[in-house]
Amino acid sequence: MDLIKAYFNEINRALDLMSLEAINEVILVLQEARVNDRQVFTMGNGGSASTASHFVCDLAKNTRIKGLPHFRVMGLADNMALLSAFANDEGYENVFAQQLANVLRPSDVVIGISTSGNSANVIKAIELANTMGAHTIGFTGFDGGQLATIVDVCVRVPSHRIEQVEDIHLILEHLICTVLCQQLREMDDSPFTFEGEEENIWNSRRSLPL
């Protein structure tokens, strides 16, 4: 019983230390991507690949609101034939970057999930995304690793237990998708504007309440 309670207590402590500002920034970037028809890409390895796939599922299905565009979202760890082809021929460190090179456009959103922040294939893909003018987001743990230093927005779980970092990444994915829906439903006047209008959400950098 003590081990069970200790695990829960550690999860709660890490959640209490999370940056709400970083989470809110992710929501802001994703809302802007939705209304401006940007593509969203997710990626990760192992348990983080599972979270990346889960994120795709929830963004694509659970965030739909009548009158708004649906999310255009793709998981880079989900096509095993393509991933293994790149891994076999060009090295596992290139499996995500080479997929992005085929489809990424400026102002798209690239989300890299790595508990250590040092997964080589995630780092290479984020570096490519940065050179192509995409908005980059990292979900990390531990000290944030290299990923924390190269993304536009970093959401770091302040824990050194990989299981708990992965637990909280999934909680964050669910939280973000829930807020993406509720936020707009509860606002009388949405601040979101389509590209080309006088004021754009990305430039205005409005802070949205969680």
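**Figure 1. Arg161 pairs with Glu10 in a salt bridge.** Arg161 is partly exposed, with a relative accessible area of 34%. In this predicted model, the side chain of Arg161 meets that of Glu10, with N to O at 2.9 Å. Glu10 is partly exposed too, at 24% relative accessible area. Glu10 belongs to helix α1, while Arg161 sits in the loop between β5 and α8. The pair therefore ties together parts that are 151 residues apart in sequence. Side chains of opposite charge can pair when their charged atoms come close.

**Figure 2. Asp37 and Arg72 form a salt bridge.** The structure holds two salt bridges. In this one, the closest N and O atoms of Asp37 and Arg72 are 3.8 Å apart. Asp37 lies in the loop between α2 and β1 (39-44), and Arg72 lies in strand β2 (residues 72-75), so the contact ties together parts that are 35 residues apart in sequence. Asp37 counts as partly exposed at 48% relative accessibility. Arg72 is partly exposed, with a value of 36%.

**Figure 3. The largest nonpolar core has 32 residues.** Leu30, Val40, Ile111, Phe139 and Ile176 have the most contacts inside it. At least two residues of this core come from each of α1, α2 (20-35), α3 (47-61), β3 (109-113), β4 (135-140), β5 (153-156) and α8 (162-185). A second, separate core has 22 residues, among them Phe41, Ala49, Leu76 and Phe86.

**Figure 4. Leu30 and its contacts.** Neighbours within four places in sequence are left aside here. Leu30 then touches Val40, Phe55, Phe71, Val109, Ile111, Ile176 and Leu180. Of the contacts in the chain with a separation of 6 or more, 71% join residues 24 or more positions apart.

Figure 5. Most residues other than glycine have a negative phi. Ser107 is not a glycine, yet its phi is positive, about 75°. Ser107 sits in the loop between α5 (95-103) and β3. With a relative accessible area of 21%, Ser107 is partly exposed. Phe142 also is not a glycine and has a positive phi, of about 50°. Phe142 is found in the loop between β4 and α7 (147-150). At 23% relative accessibility, Phe142 counts as partly exposed.

Figure 6. Phe8 is part of helix α1 (residues 2-16). Phe8 counts as exposed because its relative accessibility is 53%, and the cut-off for exposed is over 50%.

Figure 7. A search of the whole structure finds zero disulfides. For Cys57, the closest cysteine sulfur is in Cys177. The two sulfurs are 9.0 Å apart, too far for a bond, because a disulfide needs sulfur atoms within 2.5 Å. Cys57 is partly exposed, with a relative accessible area of 44%. Cys154 also counts as partly exposed, at 23% relative accessibility.

**Figure 8. The whole chain as context for the close-ups.** The chain has nine helices and five strands. Along the sequence, the pattern is α-α-β-α-β-α-α-β-α-β-α-β-α-α. Of the 210 residues, 48% are buried. The accessible surface is about 10200 Å². Carbon and sulfur atoms account for 51% of that surface.

Terms used:
Residues numbered from 1 in each chain as written. Predicted model: local features only at pLDDT ≥ 70, side-chain atom pairs only at ≥ 80, totals over all residues. Heavy atoms only, no water. Helix = DSSP H or I, 4+ residues; strand = E, 2+ residues; numbered from the N terminus. Buried < 20%, exposed > 50% of the residue type's maximum accessible area, 1.4 Å probe, protein only. Contact = heavy atoms within 4.5 Å. Areas by Shrake-Rupley, 256 points an atom, 1.4 Å probe, with all protein chains shown as cover. Core = buried A, V, L, I, M, F, W, Y, C linked by side-chain atoms within 4.5 Å. Salt bridge = Lys/Arg side-chain N within 4 Å of Asp/Glu carboxyl O.
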